Structures are given as structure tokens and as C-alpha cells.
Amino acid sequence: MSSFPDRLKELRKQKNLSQKALGEIIGLSKRGIQNYESGINNPTSEVLSKLADYFDVSVDYLLGRIDS
């Protein structure tokens, strides 16, 4: 199963978004997205919720708990 950093990067690339563009959409910096994608930081529940809503996936999917 994929991890959160992998899923986030995959979803972002599917939408052809830069890290900066995704950050602007959900209210984070480019560095914030970089840190999530590299596994340096873990998102808060608020950020997870925003990401799940934007990408139209569940939080469980983002966290790698389920595959669809």
C-alpha cells in the first residue's frame, strides 16, 4: 500500500499541479507541500480534510488505509 506522501504526490501530479499551486489552493506554502511529500511533516486533521475534499477522495485513502 502507498503512504500519505506517495498518495499526495500522485494526486497532485494527476491534476498537473505544482507544489506551489496546490499550496495556494489549500492555504499552505510550497515548502509545506514539499515537507508532506517528503515525509518530513504530517498534516493536521484540518489539512487532511482540505486535501481529501479537493481531490475528492477519503482521508483513509490519503493515509493509505484503503486503496480506493
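The model is predicted.

**Nonpolar core**

The largest nonpolar core has 15 residues, and F4, L8, L22, I26, L51, F55 and L62 touch the most other members. Helix α4 supplies the largest share, five residues. In soluble globular proteins, nonpolar side chains tend to be buried together.

Leaving aside residues up to four places away in sequence, L8 touches L22, Y36, E37, L51 and F55.

**Helix α3 and its surroundings**

Helix α3 covers residues 30–38, and its buried residues are G32, I33, N35, Y36 and E37. The cover over these buried residues includes α1 (4–14), α2 (19–26) and α4 (45–55). After α3 comes G39, which has a positive phi near 80°.

N35 belongs to helix α3. N35 counts as buried because its relative accessibility is 15%, and the limit for burial is under 20%. When residues up to four places away in sequence are not counted, N35 touches I40 and N41.

The axes of α2 and α3 come within 7 Å and cross at roughly 110°. The two helices α2 and α3 are therefore roughly perpendicular to each other, since angles of 65 to 115 degrees fall in that class. On the α2 side the residues that meet α3 are Q19, K20, L22, G23 and I26, and their counterparts in α3 are K30, I33, Q34 and E37. Sorted by class, the contact of α2 with α3 holds three nonpolar, three polar and three charged residues.

Against α4, helix α2 packs at an angle of about 105°, and the axes are 10 Å apart. This angle makes α2 roughly perpendicular to α4. L22, I25 and I26 of α2 form the contact with V47, K50, L51, Y54 and F55 of α4. By class, the contact of α2 with α4 consists of seven nonpolar residues, no polar residues and one charged residue.

L22 and I26 take part in the contact with α3 and also in the contact with α4.

**Aromatic pairs**

A pair of aromatic rings is described by the distance of the centres and the angle of the planes. The count of aromatic pairs comes to two, and their geometry is set out below.

| Pair | Distance of ring centres | Angle of planes | Class |
|---|---|---|---|
| F4 and Y36 | 6.1 Å | 70° | edge-to-face |
| Y54 and F55 | 5.0 Å | 75° | edge-to-face |

Why do these pairs count as edge-to-face? Planes over 60 degrees apart are placed in that class; the F4 and Y36 planes stand at 70°, and those of Y54 and F55 at 75°.

F4 lies in helix α1 and Y36 in helix α3, so the pair ties together parts that are 32 residues apart in sequence. Both F4 and Y36 are buried. In the other pair, Y54 is partly exposed, with a relative accessible area of 28%, whereas F55 counts as buried at 7% relative accessibility.

**Loop residues**

N16 is not a glycine, yet its phi is positive, about 55°. N16 sits in the loop between α1 and α2 and is exposed, with a relative accessible area of 71%.

D56, likewise not a glycine, has a positive phi of about 55°. D56 is located in the loop between α4 and α5, where it is exposed at a relative accessible area of 70%.

S58 is also placed in the loop between α4 and α5. Is S58 buried, exposed or partly exposed? S58 counts as partly exposed, because its relative accessibility is 31%, a value between the limits of 20% and 50%. Apart from residues up to four places away in sequence, S58 touches A52 and I66. From C-alpha to C-alpha, S58 and E37 are 18 Å apart in space, with a separation of 21 residues in sequence.

Notes:
Residues are numbered from 1 along each chain as its sequence is written. Side-chain values use heavy atoms; hydrogens and water are left out. Buried means under 20% relative accessible area, exposed over 50%, partly exposed in between (1.4 Å probe, protein chains only). Helices (H or I, at least four residues) and strands (E, at least two) are DSSP runs, numbered from the N terminus. Contact means heavy atoms within 4.5 Å. A nonpolar core is a set of buried Ala, Val, Leu, Ile, Met, Phe, Trp, Tyr and Cys residues joined through side-chain atoms within 4.5 Å. Axes are lines fitted to C-alpha atoms, for helices over the stretch in contact, and angles run from 0 to 180 degrees between N-to-C directions. Angles under 35 degrees count as roughly parallel, over 145 as roughly antiparallel, 65 to 115 as roughly perpendicular and the rest as oblique. Ala, Val, Leu, Ile, Met, Phe, Trp, Tyr, Cys and Pro count as nonpolar, Asp, Glu, Lys and Arg as charged, and the others, Gly among them, as polar. Rings of Phe, Tyr and Trp (its six-membered ring) pair if their centres lie within 6.5 Å; planes under 30 degrees apart count as stacked, over 60 as edge-to-face and the rest as tilted.
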